[in-house]
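Open the model in your viewer and keep the selection panel at hand.

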Amino acid sequence: MQNEIKSTLENNQSTCQLPASFSNMDLSEKLLKSVHKLGYTTPTTIQSEAIPAIINQHDVLASAQTGSGKTAAFVVPIIQRLLKDASDSPSPAKHPLRALILAPTRELAQQIYEVFAKLIEYTPLRIATLLGGESMPNQKQLLQKGIDIVIATPGRLYDHVNMNNIQLGKVEILTLDEADRMLDMGFLPEIEKIIAHIPKHRQTLLFSATFSEYITKLTQKYQNAPVIIKTHSANSSNVNVKQSIYLIQEYQRLSTLKRVLHDNQGQCIVFTNSKIDCKKLQQQLDVNYETLAIHGDMTQSQRIESLQAFKENKIRILVATDVAARGLDVAGLPLVVNYHIPYHAEDYIHRIGRTGRAGQTGLAISICSDKEVYNKNAIEKLIGKDIIEIKNIDNIDNINRTDKALPKDNLFGNKNIKYAICGEYINKYTKNKLIPDCALFRIRPKIVHTK
Ligand code: AMP
């Protein structure tokens with residue numbers, strides 16, 4: 001977040017218009033207390049722009065980089081707005097649904113819920129999620145108690161609307177997060193039917209990490225003179241993420257992944273393109289690594305369990321489909337691997353956005369077979385640059401390599417050195433500094449293995 005904070009401060013100095021701290025935003029004390037408890041002191045760029053606009057009841061159309069603090073940019077002002085008429089009374093009638101947030105995936109909805117839950121701690125506001133895969137009767141029961149804020153996936157919310165379990169007639173603020181993704185996932189019919197139940201005199205907020213022409217259409221239809229906030233060029237990838245790619249033959253895919261996992265020891269998410277590949281790869285990796293999967297065929301509680309175990313660092317590798325590509329925030333995740341190149345170039349931006357968050361640096365390594373070069377080219381066109389190629393060291397004869405760490409008394413005199421690269425390949429590798437644990441030699445060294 002440091003870079004974001006820095007750029008926010010620089011912007012503020014030059015324009016003197018945006019609030020430089022949450023304390024200057026006229027937030028209620030209860031809310032400010034929770035904001036500070038979360039460790040937020042300086043608003044990010046998107047927060048500086050969106051929070052005042054939303055508090056002033058404008059519609060907002062915002063495109064913000066992944067990891068930019070987008071969630072709090074709408075959660076904080078929504079709470080501030082609701083607090084004005086919030087009631088301490090236990091009566092359900094005093095807690096009509098006033099803020100509705102729609103998100104494309106259960107994981108993202110759950111994450112938004114967690115931010116809300118922390119920020120309403122000192123307020124009387126009540127909150128619930130309505131997600132597919134969970135018990136309808138339990139959700140209905142919860143709604144009957146009176147809930148001020150609901151975060152939902154469109155399909156499940158629409159089921160409740162149809163069954164008359166939820167009243168949308170008092171909704172004041174409607175938020176569509178990752179709006180472009182919801183459209184991609186075919187949620188438009190449900191969204192339109194849901195919006196038909198919400199009063200026209202409402203505030204509508206559209207957040208999306210990427211902009212598409214469909215978003216513009218949605219804006220024209222459902223927003224009223226929105227404040228448009230763009231804190232980065234549309235479709236750009238996070239500058240904190242170093243991106244590189246292996247060009248391989250199909251049969252080398254798994255061995256290349258193992259090489260990547262060997263060279264980068266921290267936690268990582270490995271993205272696959274299908275549920276079948278996800279399950280298969282998880283089983284293959286599970287032999288050697290602590291691994292769990294997350295994909296759409298799992299129950300909601302299984303998905304939450306996998307995610308939780310990963311967030312708590314109980315497993316090293318999360319093998320995922322694109323259900324985990326959007327919005328997920330795993331603090332300090334150093335590496336994302338694309339085991340397959342995503343079919344949609346925009347998904348690439350979302351996948352790699354799981355690393356390099358909150359101002360930290362991250363690494364995104366993709367594995368691309370000759371059949372996927374078309375998709376790789378589409379990604380490079382979208383992000384406006386080439387992804388640095390890493391030569392697949394398994395292909396190169398001139399490398400003397402061992403999978404086991406060389407013994408301490410090897411020729412290199414350094415137990416961390418596992419590979420020797422010599423001759424013409426030196427420049428290629430040293431230029432990008434992509435191979436750690438490596439000794440570089442002008443002439444081929446003799447590697448001594450001792451028992
Ligand atoms: P988001 O883009 O909403 O997923 O947020 C990315 C990460 O930034 C999350 O871990 C947030 O907790 C963190 N974050 C959001 N706003 C701030 C802030 N103003 N100061 C420090 N960290 C923040």
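Two residues are in contact if their C-beta atoms, placed from the backbone, lie within 7 Å. In this predicted model, 73% of the contacts in the protein chain between residues at least 6 apart in sequence join residues at least 24 apart.

Select the whole protein chain and colour it by secondary structure. There are 16 helices and 17 strands. Of the 451 residues in the chain, 43% are buried.

Next, select residues 45–55, which form helix H3. How many of its 11 residues are buried? Eight are, and H3 is mostly covered. Show side chains for the buried positions: Thr45, Ile46, Gln47, Ser48, Glu49, Ala50, Ile51 and Ile54.

Step just past the end of H3 to Gln57, where phi is positive, at about 70 degrees.

The crossing of H3 past H4 is right-handed.

To see the contact itself, show Ile46, Gln47, Ala50, Ile51, Ile54 and Ile55 on the H3 side. On the H4 side, show Lys70, Ala72, Ala73, Phe74, Val76, Pro77, Ile78, Gln80 and Arg81. Colour this set by residue class: 11 residues are nonpolar, two are polar and two are charged. Ile46, Gln47, Ala50, Ile51 and Ile54, shown here in the contact with H4, are also among the buried residues of H3.

Note on methods. Residues numbered from 1 in each chain as written. Predicted model: local features only at pLDDT ≥ 70, side-chain atom pairs only at ≥ 80, totals over all residues. Helix = DSSP H or I, 4+ residues; strand = E, 2+ residues; numbered from the N terminus. Buried ≥ 20, exposed ≤ 12 C-beta atoms within 10 Å, placed from the backbone. Left-handed = near helix turned anticlockwise from the far one by under 90°. Nonpolar A, V, L, I, M, F, W, Y, C, P; charged D, E, K, R; others polar.
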